[in-house]
Amino acid sequence: MAMLWKFMRVAKYSKTALSPKVRVRGIPTHSRHSSSKSVPSDFAASAPCSNTVELLGKSYPQDDYSNVTEKILSKVGKNLHNRKHHPLWLIKEQVKEHFYKHYLGRRGTPLFSVYDGLSPVVTVQQNFDSLLIPQNHASRRKEDNYYLNRDHMLRAHTSAHQWDLIHSGLDAFLAVGDVYRRDTIDNTHYPVFHQMEGVRLFSCHELFSSIKDGEGLQLFEQGHRTAHKQECHTMEAVRLVEFNLKQVLTKLMTHIFGDGLQVRWVDCYFPFTHPSFEMEINFQGEWMEVLGCGVMEQQLVNSAGAQDKIGWAFGLGLERLAMILYDIPDIRLFWSEDERFLKQFIGPHIWQKIKFQPLSRYPPLINDISFWLPSETYCQNDFYDLVRTIGGDLIEKVVLLDEFAHPKKRMASGKRLWIPSLCLLVGCWCEEAGK
């Protein structure tokens with residue numbers, strides 16, 4: 001019990017106010033800020049506890065699917081990728097500048113358009129159905145997503161905008177934004193992170209015009225799906241699209257990380273591309289996965305109104321690239337308002353070499369807690385949301401140490417929490433100890 005008390009005392013000093021853009025009706029006063037009071041075990045799964053959530057100027061009625069927490073709502077509208085000199089902004093600007101400079105249209109203007117202000121609230125149809133994700137696919141689970149209700153959610157990926165942007169007539173674009181997924185607590189996972197989506201479509205002429213004697217080549221055929229192509233694509237078309245995709249991404253990563261970069265491609269599966277690949281780079285002697293990509297499923301392209309074109313798509317995480325490039329050890333730091341962190345990324349240009357300097361020399365505090373699981377519907381992400389709601393970004397990592405099955409079939413869990421010892425936190429503990 002003492003361990004639990006210590007954890008709650010730490011949480012007392014991690015209050016997070018809601019963003020001015022977010023208003024939640026019906027939240028009791030004692031639930032609006034983290035405190036040392038006890039919190040119901042189902043708080044993370046049911047909060048906010050009203051009938052309506054108002055977000056970005058719109059109202060969303062809640063239902064049995066609603067599971068977004070007040071802590072997560074407070075992150076909506078922060079748009080770290082658009083804050084000048086923020087490390088995520090630097091990565092976005094580097095990628096954008098590379099595409100603007102190296103890929104031009106017929107009139108000498110940038111071929112790729114960039115969209116970095118699209119609303120993170122999307123429909124379930126946009127996030128899943130438009131991308132051909134099956135109804136029973138694991139990625140749709142409430143345990144892994146933040147739903148406003150059965151019809152609306154916080155986007156789980158920037159791919160949610162692919163269909164709409166293609167349907168609007170775009171052939172080449174980059175979409176950047178914050179995405180939301182319920183996840184574990186450690187130094188590389190956070191429930192809000194930032195992605196960049198890239199899409200390029202080709203007409204028959206665009207794809208084959210540079211090929212000698214390519215006049216007779218076609219994009220489509222009535223064939224069979226194999227590991228290397230879709231049933232409707234010709235092998236010639238797929239080979240050229242795949243070559244262009246890998247060439248574009250290799251040039252991008254080499255531009256960011258430097259000449260001589262080693263790259264390898266790993267076959268994988270995504271519902272909305274085939275064939276699909278993950279790109280890995282060898283950085284400082286270690287192979288790291290940096291993005292996923294592939295040839296777009298033609299069914300998706302056709303449904304968006306581009307039946308006469310074939311294309312590729314990729315998605316990358318801005319935090320992932322920034323942590324590698326700037327040697328940032330903890331994903332929570334991207335949300336820091338500490339000037340000691342932010343000032344490190346202010347420079348004369350976006351390509352300045354920067355190596356992150358740690359802010360604290362104190363070791364973490366570790367607390368162990370145990371508790372009865374509240375119900376059969378409990379999932380670990382419910383507990384992670386509860387920890388983030390109470391402890392905020394003070395909590396560095398949560399690890400399951402042990403599970404105990406009671407003879408009457410109840411189960412208890414033992415969790416270990418890492419709490420960084422910031423100077424302010426140490427002072428608060430000393431004050432409490434003195435009492």
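Mentor: Start with two helices: α4 and α10 are roughly perpendicular to each other. The model is predicted, so local features need pLDDT of at least 70 and side-chain atom pairs count only at pLDDT 80 or more, while totals for chains, interfaces and linings use all residues. Residues are numbered from 1 along each chain as its sequence is written, and side-chain values use heavy atoms, without hydrogens and water.

Trainee: At roughly what angle do the axes of α4 and α10 cross?

Mentor: Two packed helices are described by the angle between their axes and the distance between the axes. The axes of α4 (residues 87-102) and α10 cross at roughly 100° and come within 9 Å. Helices here are DSSP runs of H or I with at least four residues, strands are E runs of at least two, and both are numbered from the N terminus. Axes are lines fitted to C-alpha atoms, for helices over the stretch in contact, with angles from 0 to 180 degrees between N-to-C directions. Under 35 degrees counts as roughly parallel, over 145 as roughly antiparallel, 65 to 115 as roughly perpendicular, and the rest as oblique.

Trainee: Which residues in α4 meet α10?

Mentor: P87, L88, L90, I91, K92 and Q94 in α4 meet L318, E319, L321, A322, L325 and Y326 in α10 (contact means heavy atoms within 4.5 Å). By class, that contact has 9 nonpolar, 1 polar and 2 charged residues. Ala, Val, Leu, Ile, Met, Phe, Trp, Tyr, Cys and Pro count as nonpolar, Asp, Glu, Lys and Arg as charged, and the others, Gly among them, as polar.

Trainee: At what angle do helix α8 and helix α10 pack?

Mentor: Helix α8 (residues 235-257) packs with α10 (residues 318-326) at about 40°, the axes being 11 Å apart. That makes α8 oblique to α10. M253, I256 and F257 in α8 meet L321, I324 and L325 in α10. Here the contact has 6 nonpolar residues, with no polar and no charged ones.

Trainee: How many salt bridges does the count come to?

Mentor: Side chains of opposite charge can pair when their charged atoms come close. The count comes to 20 salt bridges (a side-chain nitrogen of Lys or Arg within 4 Å of a carboxyl oxygen of Asp or Glu). One of them joins the side chains of D171 and K309, at 2.7 Å from N to O. D171 lies in the loop between α6 (162-167) and β7 (172-180) and K309 in the loop between α9 (298-303) and β12 (310-317), so the pair ties together parts 138 residues apart in sequence.

Trainee: Which residues does a cis peptide bond join?

Mentor: H274 and P275, with omega about -5°. P275 is found in strand β10 (residues 273-283). In the loop between β10 and β11 (286-296) sits Q284, which has a positive phi of about 55° although it is not a glycine.
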